Amino acid sequence: MSQLDIVELKCSYGEHRVLDGINLTVKPGEIVSLIGGSGSGKSTLLRVIMGLTKPEGGAVRVQNDEVDYDSLQSVREIREKVAIVFQQYNLFQNMSVLQNVMVTPVKVQKRNQKVVREEALALLDKVGMRHKAEAFPANLSGGQQQRVAISRALALKPQILLLDEVTSALDPELVGEVLNTVRQLSRDGITMILVSHEMRFVREVSHKVAMMDQGKIIEFGTPEEIFGTPKQQRTQDFMKKIAWH
């Protein structure tokens with residue numbers, strides 16, 4: 001059984017078609033990475049799944065429940081099942097680390113504060129940030145803030161986690177700590193769709209890789225297939241030009 005099905009998904013910005021008939025299936029516990037050049041539609045796809053950008057055609061289904069992007073209730077329901085972490089951490093600067101992780105489960109999901117606090121501390125421990133629970137974002141490095149942002153997303157108990165270039169805003173020496181956090185999540189069996197320019201990491205952690213170009217998935221397969229024996233000329237050209245960090 002698939003956890004996420006995307007069927008002929010289309011999206012445009014004005015007259016520019018950004019997603020042009022995307023088809024993608026993600027199974028429970030699978031990590032699917034989206035790669036491709038700038039403007040190929042990778043981040044837009046994540047935004048459309050979340051209901052942050054409205055599609056103009058096609059369908060998104062989570063465990064066979066189709067999202068109605070014209071319905072606020074349906075969009076709310078998808079956001080209870082799917083969480084996203086962006087390039088920018090977007091932490092509340094007037095809240096401590098622990099408060100940042102707790103606020104949505106308590107205020108929006110109306111969950112028990114004591115239970116949420118215990119879960120939040122456990123999540124912070126998982127990403128190596130429990131010792132900073134009472135610190136404020138201004139006193140954290142970029143890598144630490146991004147790890148808190150990941151904990152905040154996980155506190156919603158999502159079925160699927162979307163990661164949109166979560167290391168691109170970081171100094172190079174801070175990238176590793178965030179990637180190690182994602183590696184830990186992969187071992188925990190969390191279903192993820194990630195956009196990343198860290199190609200060695202993508203090859204290591206992904207179950208499947210989708211190569212995107214001009215709003216389409218032009219090639220889809222295992223990391224060994226996409227990186228080792230790509231069939232499409234565009235994929236071959238991309239592999240020759242990327243920086244292998």
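**Exercise 1. Work out which residues Thr191 touches, and whether Thr191 is buried or exposed.**

Step 1. List the contacts, meaning heavy atoms within 4.5 Å. Leave out residues up to four places away in sequence; Thr191 then touches Gln3, Val26, Lys27, Pro28, Gly29, Glu30, Gln159, Ile160 and Leu161. The model is predicted: local features need pLDDT of at least 70, side-chain atom pairs count only at pLDDT 80 or more, and totals for chains, interfaces and linings use all residues. Residues are numbered from 1 along each chain as its sequence is written, and side-chain values use heavy atoms, with hydrogens and water left out.

Step 2. Thr191 lies in strand S8. Strands (E, at least two residues) and helices (H or I, at least four) are DSSP runs, numbered from the N terminus.

Step 3. Check the exposure. Buried means under 20% relative accessible area, exposed over 50%, and partly exposed in between (1.4 Å probe, protein chains only). Thr191 has a relative accessible area of 2%, so it is buried.

Step 4. Look for polar contacts. These are pairs of N or O atoms within 3.5 Å; within protein, one must be able to donate a hydrogen and the other to accept it, and residues adjacent in sequence count only if both atoms are side-chain atoms. The side chain of Thr191 makes one with the side chain of Gln3, at 2.6 Å. A polar atom of the Thr191 side chain also lies 2.7 Å from the backbone nitrogen of Gly29.

**Exercise 2. Find the strand order in the open sheet of six strands, and name what packs on this sheet.**

Step 1. Trace the order. It reads S6-S7-S8-S3-S9-S10, with mixed pairing. Two strands pair if DSSP finds at least two bridges between them.

Step 2. Find the edges. Strand S6 (82-85) and strand S10 (216-221) each have a single partner strand, so one side of each is left without a neighbour in the sheet.

Step 3. Direction ignored, neighbouring strands are turned by 20° against each other on average.

Step 4. Inspect one pair. S9 (residues 208-213) runs antiparallel to S10, and five bridges join them. Met212 has Ile217 in S10 as its bridge partner.

Step 5. Axes are lines fitted to C-alpha atoms, for helices over the stretch in contact, and angles run from 0 to 180 degrees between N-to-C directions. Helix H6 (residues 172-187) also packs on the sheet, touching strand S3 (31-36), S7 and strand S8 (191-195). The direction of H6 makes about 150° with that of S8.

**Exercise 3. Compare how helix H3 meets H5 and H4.**

Step 1. Start with H5. The axes of H3 (residues 97-107) and H5 (residues 142-154) come within 8 Å and cross at roughly 25°. H3 and H5 are therefore roughly parallel (an angle under 35 degrees). Val97, Asn100 and Val101 in H3 meet Val148, Ser151 and Arg152 in H5.

Step 2. Turn to H4 (residues 113-126). H3 and H4 pack at about 130°, with axes 9 Å apart. That makes H3 oblique to H4; oblique is what remains once under 35 degrees (roughly parallel), over 145 (roughly antiparallel) and 65 to 115 (roughly perpendicular) are set aside.

Step 3. Inspect the loop between H3 and H4. Asn112 is found there. At 47% relative accessibility, Asn112 counts as partly exposed. Its side chain reaches the backbone nitrogen of Val115 at 2.9 Å.
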